[in-house]
Amino acid sequence: MNGWTLAGTSFLASAVEAVEALTIVLAVGVARSWPIALRATAYALLALAAIVAVFGPLLHLIPIDALKLIVGIVLTLFGLAWLRKAILRYAGRKSVRNEDVAYERQIEALRAVEEAQADKIGFVTAFKAVLIEGLEVAIIVVTFGAGSTLALGWSAAGAACAVALVALAGLALKAPASRVPENTMKFVVGVMLTSFGTFWTGEGLGVAWWGADLSLLFLAVFYLAASAVLVAIARAPRTVRA
Amino acid sequence: MNIAAIWEFIAGDSRRAPVAVAIAIVVAIVLVRTAPASSIAGVAFACIVALGLAAAVFERT
């Protein structure tokens, strides 16, 4: 599998999770204090590293075909869920998630609680957000890198670049993450996750794909075209019978 | 975190998409064993998944 493709997919998927975590950390930083937000982030990253260090190596005990099948099914389901939401949002059937709204809600919630408890709640909020989104990034890295040690390296590099880039963007802008076109990112990631999921499920079941890894590109084009058609159909106004 | 929460995290709130994936797996298993070329099973899997996506898009949740 092409390392750059792997890193690119991992980069995009991880960037989505990092943007979500950044939004909460920014909200806690603005509403309470930056030391609390940054300390919670640091503790969450330490907890995350410990979890990955303990449970990560266990994945290598599973036979590779079984792993590809399980990971493939999960990625396909995950990709379909993302793609479905992105299609519905493009078609105007679901509101586009606005990070500004999430950010303002978070600030309002934090300011509403008692001062004495606010710091503690702010810490837990940022800690939980970074830990959960970080775990999602770890799952993305491990699943995309399940093929080999080299693949794991490419996947981890892509995720690390995404997290670093989003963190730098957050520090530079200090503004809600809604400036990143989240739905576009989710649409592209949904297509990629579904394509990888289909490819790996097929390999796990014993399918010898035509063109080997090149078939990933065909699968991505196929799902992209299908999704574009679905956006057009879902967007079309329904005719009402008199 | 319970099983239902993990399932919702992975598959979202659609019921049709997971059913389509399950059907696609069964069809692919049969085709891998019976079709002249295993890539036919792969193509069938992708088509059923795409149909599942279409069904999920127009699903009321």
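## Chain B: surface and fold

Chain B exposes about 3500 Å², and carbon and sulfur atoms supply 68% of that area. The model is predicted. Of the 61 residues in chain B, 43% are buried.

The secondary structure of chain B consists of 3 helices and 0 strands. Along the sequence the pattern reads α-α-α.

## Interface between chains A and B

Contacts between the two chains involve 31 residues of chain B and 29 residues of chain A. The area buried between chain B and chain A is about 2500 Å². Carbon and sulfur atoms give 80% of this buried area.

Polar contacts between chain B and chain A come to 3 residue pairs, with both residues at pLDDT 80 or more. On the side of chain B that touches chain A, the elements giving two or more residues are α1 (3–11), α2 (16–34) and α3 (38–57) of chain B. Of these, α3(B) gives the most, with 14 residues.

## The salt bridge

Over all chains, the count is 1 salt bridge. A:R84 lies in helix α3 (residues 64–90) of chain A, while B:D13 lies in the loop between α1 and α2 of chain B, so the pair joins two chains. The interface of chain B and chain A likewise has 1 salt bridge by the rule. In the pair formed by A:R84 and B:D13, the closest N and O atoms are 2.8 Å apart.

The two partners fall into separate accessibility classes. A:R84 has 4% relative accessibility and counts as buried, because the cut-off for buried is under 20% relative accessible area. B:D13 has a relative accessible area of 37% and is partly exposed, because partly exposed covers the range between the buried cut-off and the exposed cut-off of over 50%.

## A nonpolar patch on chain A

A nonpolar patch on the surface is formed by A:W210, A:L214, A:L217, A:F218 and A:V221. Together these residues have about 560 Å² of accessible area.

One of the patch residues, A:F218, lies in helix α8 (residues 215–235) of chain A. A:F218 counts as partly exposed, with 42% relative accessibility.

Methods. Residues numbered from 1 in each chain as written. Chains lettered and ligands numbered in written order. Predicted model: local features only at pLDDT ≥ 70, side-chain atom pairs only at ≥ 80, totals over all residues. Heavy atoms only, no water. Patch = residues over 30% accessible without salt bridge, like charges linked within 9 Å, V, L, I, M, F, W, Y side chains within 5 Å. Areas by Shrake-Rupley, 256 points an atom, 1.4 Å probe, with all protein chains shown as cover. Salt bridge = Lys/Arg side-chain N within 4 Å of Asp/Glu carboxyl O. Helix = DSSP H or I, 4+ residues; strand = E, 2+ residues; numbered from the N terminus. Buried < 20%, exposed > 50% of the residue type's maximum accessible area, 1.4 Å probe, protein only. Contact = heavy atoms within 4.5 Å. Buried area = accessible area lost by both parts, 1.4 Å probe. Polar contact = N/O pair within 3.5 Å; in protein donor to acceptor, adjacent residues only side chain to side chain.
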